[in-house]
Amino acid sequence: MAASYTHTPPLAVLETCALFFTGALIMRGAGCTINDLWDRNLDPHVARTRLRPLARQALTPFRALTFTGFQLLAGLGLLLQFPTACLYYGIPSLVLVATYPLAKRITHYPQFVLGLAFSWGAFMGFPALGVDPISDPTAFKGIVALYGSCVSWTVLYDMVYAHMDIKDDAKVGIKSIALRHEKETKAVLSGLAIVQTTLLFTAGALLNASPLFLVSTSVSTAGTLGLMIWKVRLKHASSCWWWFKYGGWFTGGGISLGLLAEYVYQRDRNDRQGEVPTSAWRELIYGHRPPLFS
């Protein structure tokens, strides 16, 4: 969305996407390590997690902490490749990453904390491309809507995921939205799907997206999520795992194709109206720092 909103040149978009992809892998890994440290005494009692390195004592907590430190340093090094403003938007997400495991002990809605952490990238795209959301009210409103959509999506999928462990979680005292709403799960999933689709549409509308994006992403998101909610068998762990593993590709694939189509459309329209020279955009985006890839 940020790329279409800023009319960023393709090369800069690819460079930024490569950084975001790498950063997501690193920080997701750090989040998993932190989660395993918190849960090292609970995981041995859950069938799905009992063979994790810390749970089976193949790795000591000290070594896991050391590994986490290296992961966070790698994440910081990557974050420094972005404009300085991204530091101010990125660092607060560490609080959410670190506290998600604690949320499982005090609330039935830890998936919302996970969603807040996993979706934080919505706040990063615009400053990464030279737009400060605080000084651009239009961008800020669109980002908030996009963030809400991503949070809803995360909660939805993790609720399906949580059904795989629902019996073990109840035994060891781990709380989850699946336990809290076990009898009305599909109704909750449907509500989350409606919220996600609505907020995604709203984000696009606020950021002046074309009908091409608004219609294609709304239809694909509603259709793929509806199919998953209809087909998933919540009492069968294998079914929950299959839809958790592959369902995101269906929904995410539709959204990604919509974003790509919107970017191509906006670039073509911008070309017709007179494009800003690429060198000017690169100076705006990178300042005096050379691109990571040249």
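Let's begin with D165, which at 6% relative accessibility counts as buried. Keep in mind that we are looking at a predicted model.

What does the side chain of D165 meet in a salt bridge? Its partner is R48, at 2.4 Å from N to O. D165 sits in the loop between α8 (137–162) and α9, while R48 sits in the loop between α2 and α3, so this pair ties together parts that are 117 residues apart in sequence. R48 counts as partly exposed, at 35% relative accessibility.

D165 also turns up in the lining of the second largest pocket, along with residues including H163, K167, E182 and C240. That pocket has a volume of about 180 Å³. Which helices each supply at least two residues of its lining? Those are α9 (166–172) and α13 (237–273). By class, the lining has five nonpolar, two polar and four charged residues.

Now, back to the salt bridges. How many does the structure hold? There are six. One of them joins the side chains of D36 and R52, at 3.1 Å from N to O. D36 is in helix α2 (residues 10–38) and R52 is in the loop between α2 and α3 (61–79), so here the parts tied together are 16 residues apart in sequence. D36 is buried, with a relative accessible area of 16%, whereas R52 is partly exposed at 23%. These two also belong to a network of salt bridges with D43.

One more pair for you: K104 and D39 meet through their side chains at 2.3 Å, N to O. K104 is in helix α5 (residues 93–106) and D39 in the loop between α2 and α3, 65 residues apart. Both of these residues are buried.

Conventions
Residues numbered from 1 in each chain as written. Predicted model: local features only at pLDDT ≥ 70, side-chain atom pairs only at ≥ 80, totals over all residues. Heavy atoms only, no water. 1 Å grid on protein atoms, 1.4 Å probe; cavity = no way out; pocket = protein on both sides within 12 Å on 5 of 7 lines; lining within 4 Å. Points joined across faces, edges and corners; volume = space filled by probe spheres on them. Helix = DSSP H or I, 4+ residues; strand = E, 2+ residues; numbered from the N terminus. Nonpolar A, V, L, I, M, F, W, Y, C, P; charged D, E, K, R; others polar. Salt bridge = Lys/Arg side-chain N within 4 Å of Asp/Glu carboxyl O. Buried < 20%, exposed > 50% of the residue type's maximum accessible area, 1.4 Å probe, protein only.
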